[in-house]
Amino acid sequence: MSATAFDLLLVLALLWSGLRAMTVPDLFRAVVTFIVFGLLIALAWARLDAPDVALADAAVGAGLAGALLLDTVGHLRAKQGRPPS
Amino acid sequence: MTATARALVVATSVALGLALCWAMLQLPAPSIDLRTHVEARLDLAGVAHPVTAVLLNFRAYDTLLEIAVLQLALFGVLSLCGAAPLAGRRVAARPEPLLQSTAGALAPLVVLVAVYLLWAGARQAGGAFQAGAVLASGAVLLFLAGLMPPWQDPGAPLRFALVAGFLLFLLVATLPLPRAQLLRYPPHAATALITAIEAGLTGSVALILSGLFLWLPDENEEAEQ
Amino acid sequence: MTPASIYALAGAALFVAGAAGMVLQSHLLRKILAFNIMGSGAFLALVGLGQRAGPPDPVPQAMVLTGIVVAISATALALALARRLLNLTGHMRLPRKAADD
């Protein structure tokens, strides 16, 4: 019974972080929420008895994709924060 | 986008979501059990882990094309690096010593974890992609800490190393061509072939994934090319 | 309802939410985020439906591994294109119709 409660909680957290990642006005917060979403998905894979997929998603989805997106957000901010030439 | 169009999109997606959920709940119990089929032929596959066996033996064609897709994405990123010669990306102006020492201490651990994941993939969870992704994360960490210089326009050895995994896989796939077959491993050589393919894949995937980060088009001072 | 079916339903909801987000958002980075959420939802649905009877099934898991790698390739290429657009036009949104259209 507690396993189902954990699953429901995880699903709710997934849906909430997924929606927030798309709608938060600040881009940096959106990317960080997306990284959290990626880690929660890795938890979901672990619950689904898929350890290979959990490893791959944690390394690639949360790690590499998060790094790529954060780099782009920093690039965007540097470009916008630049004084008008 | 007008407000009515947005409302229409939201309403359509909610309706589609509810229909999908209802359809999923109506599905009967699955009639095919693929797991028993895979387990029955696991000793012919050459590895002891069912997911690795499926990935590198039973559905090896998908994995071959997946490596090709990774390479295509890298070719796209490389060709988008701008007409200006790759001057290399700017790193942090003031490298932090704490980050540098931590990254330097973690780098051998990253390599160890990656090699372990590659080796363990034959028996338990692990495999080539996980190992390659961990290596690529280590490379990105070293770059961000300032311990690795930015990657310039790739020379011949790096270009060869980027495609070596795919070429090795393609070579193994076309070996049975004289017998008019493709991508079949003889059962006595399956383990050796899979190990070789996985090693090549790990190296290439690590380089490609690091390259996808390190070769992203950067700011050009003269943006009007 | 087995736990895997719950994740399959969550996958369907995430897919639909990601699709709506991709259509409604105009900023390219948010489109890429929505695309990734769509992909994760589809993978959850694939594995969840395959395992709804109970025991873990290796074939959908291998397919999802392939799918994750393809999704990261697409994300990287999309980010490269978006940054190129940023360098060329200064915005990260697709240009509106030109004045002389």
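Of the 85 residues of chain A, 51% count as buried. This figure, like every other one here, comes from a predicted model. The accessible surface of chain A is about 4000 Å², and carbon and sulfur atoms account for 70% of that area.

The secondary structure of chain A consists of 3 helices and 0 strands, which gives the pattern α-α-α along the sequence. The radius of gyration of chain A is 16 Å, well over the 12 Å that the globule rule gives for 85 residues, so chain A is more spread out than a compact globule. The C-alpha trace of chain A spans about 60 × 25 × 10 Å along its principal axes. Of the contacts in chain A with a separation of 6 or more, 61% are between residues 24 or more positions apart.

The charged side chains of chain A number 6 positive and 6 negative. The centres of these two sets lie 18 Å apart.

Confidence in chain A can be read at two levels. The chain averages a pLDDT of 90, and 94% of its residues score at least 70. Within chain A, helix 2 (residues 27–47) has the highest mean, at 95, while helix 3 (residues 51–80) has the lowest, at 90. For the complex, the predictor gives an ipTM of 0.90 and a pTM of 0.91.

One residue of chain A to look at is A:Asp26, in the loop between helix 1 (2–23) and helix 2 of chain A. Leaving aside residues up to four places away in sequence, A:Asp26 touches A:Arg77 and C:Arg30. A:Asp26 and A:Ala5 are 21 residues apart along the chain, and their C-alpha atoms are separated by 32 Å.

The C-alpha atoms of chain C fill a box of roughly 60 × 25 × 20 Å along the principal axes.

Buried residues make up 62% of the 101 residues in chain C. The accessible surface of chain C comes to about 3800 Å², with 67% of it belonging to carbon and sulfur atoms. Among contacts in chain C with a separation of 6 or more, 59% are accounted for by residues 24 or more positions apart.

The mean pLDDT of chain C is 90, and 96% of its residues reach 70 or more. Among the elements of chain C, helix 3 (residues 58–89) has the lowest mean pLDDT, 92, and helix 2 (residues 28–50) has the highest, 95.

In chain C, the loop between helix 1 (3–24) and helix 2 holds C:Gln25. Which residues does C:Gln25 touch, not counting residues up to four places away in sequence? They are A:Met22 and A:Thr23 in chain A, together with C:Arg30 and C:Lys31 in chain C. C:Gln25 counts as buried because its relative accessibility is 19%, and the cut-off for buried is under 20%.

Most residues other than glycine have a negative phi. B:Ala180 has a phi near 60°, a positive value in a residue other than glycine. B:Leu183 likewise has a positive phi, near 60°, and is not a glycine. Where in chain B are they? B:Ala180 is in the loop between helix 8 (156–174) and helix 9 (190–214) of chain B, and B:Leu183 is found in the loop between helix 8 and helix 9 of chain B. Their accessibility is a separate matter. B:Ala180 has 71% relative accessibility and so counts as exposed. B:Leu183, at 18% relative accessibility, counts as buried.

Notes. Residues are numbered from 1 along each chain as its sequence is written. Chains are lettered from A and ligands numbered from 1 in the order in which they are written. This is a predicted model: local features need pLDDT of at least 70, side-chain atom pairs count only at pLDDT 80 or more; totals for chains, interfaces and linings use all residues. Side-chain values use heavy atoms; hydrogens and water are left out. pLDDT is the predictor's confidence in each residue, from 0 to 100. Helices (H or I, at least four residues) and strands (E, at least two) are DSSP runs, numbered from the N terminus. The radius of gyration is taken over C-alpha atoms; the globule rule is 2.2 Å times the number of residues to the power 0.38. Buried means under 20% relative accessible area, exposed over 50%, partly exposed in between (1.4 Å probe, protein chains only). Contact means heavy atoms within 4.5 Å. Accessible areas come from the Shrake-Rupley method with a 1.4 Å probe; for residues, only the protein chains shown count as cover. Lys and Arg count as positive and Asp and Glu as negative; His and the chain ends are not counted. The place of a charge is taken as NZ of Lys, CZ of Arg, CG of Asp or CD of Glu.
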